[in-house]
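Hi,

Here's the structure I promised to pass on. Have a look at it first, then read my notes below.

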Amino acid sequence: MKEQNVFVASPEAKGEAKKLRLYAIIGWVVAMGLQALSIMKLISDKTLIALLGAMVVILAIAFFSARFWKKSNKLDPTSEKNALRFFLQNQLGAIMGVLCFLPMVISIFTSNTISGKTKAIAGTAAAAAMTAAGVSGAEFDAASIEKYTKEINQQNEAAKSLNINANNVYWSKAGNKYHAYKDCQYIKGKSLSNGSIKQSWEQKGISELCKVCSKKAAKTGAPAKAKELMETAN
Ligand SMILES: [Zn+2]
């Protein structure tokens, strides 16, 4: 019974995650290539401006790659059971961000063909870019199968307490909340998907009940439940 409640990403979510991971990897390959080229061609006093420009481009690519990567992990999270894999998969954005600049930082500081001034400017800029890429690539709120499973169960409990049928909720294609009532003002007239709270999560990553539906349920559903309980008591 409990096994059935474990979160499983839908084929659509897995497909989208796969696409985002591919974008991220392509981005990192390009950023690494640009870094190699910059190290070979641009570490000199004459090309300082070009080197700084290359850093900006590499930082932008690393930033977006990490964003794609992090989004993919939200859609198709890994399990916490394998700690090493869990860490690597969630922090790959930070690791790659650092690697997009670390060889450059080392090359600049160990170069004996550039002036002290160039070394100070380029080295400081590269170290700052490396820090920015690492921090922006880090995942501070890692998703996991276990975490999602727990959150879905909490949502189911909350729905139960509001007397909402957790197996029959609605969500629209563009929305990021699920609804208890088909005629809710936010989804009226839109094409809707319908299923369990767990399915809304697995297919769309929806994790929250609409506020309007929640209020309505508290007004109508909960008293009905209370009445029902009283009747059973009698
Ligand atoms: Zn609603």
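How close do the axes of helix H1 (residues 11-41) and H2 come, and at what angle do they cross? They come within 8 Å and cross at roughly 160° (axes are lines fitted to C-alpha atoms, for helices over the stretch in contact, with angles from 0 to 180 degrees between N-to-C directions). H1 and H2 are therefore roughly antiparallel to each other, a label for angles over 145 degrees.

Before you go on: this is a predicted model, where local features need pLDDT of at least 70, side-chain atom pairs count only at pLDDT 80 or more, and totals for chains, interfaces and linings use all residues. Residues are numbered from 1 along each chain as its sequence is written. Helices (H or I, at least four residues) and strands (E, at least two) are DSSP runs, numbered from the N terminus.

Now for H5. The buried residues of H5 include Ala 122, Met 130 and Gly 137 (buried means 20 or more other C-beta atoms within 10 Å of a residue's own, exposed 12 or fewer, partly exposed in between; C-beta atoms are placed from the backbone). Seen down the axis of H5, the buried residues fall within an arc of 165°, so they line one face of the helix; the arc is that of the directions from the helix axis to the C-beta atoms. The face turned away from that side carries the exposed Gly 116, Lys 117, Thr 124 and Val 135.

Last, Asn 163 sits in the loop between helix H6 (145-161) and strand E1 (169-172). Asn 163 is partly exposed because 17 other C-beta atoms lie within 10 Å.

Cheers

Notes:
Parallel < 35°, antiparallel > 145°, perpendicular 65-115°, else oblique.
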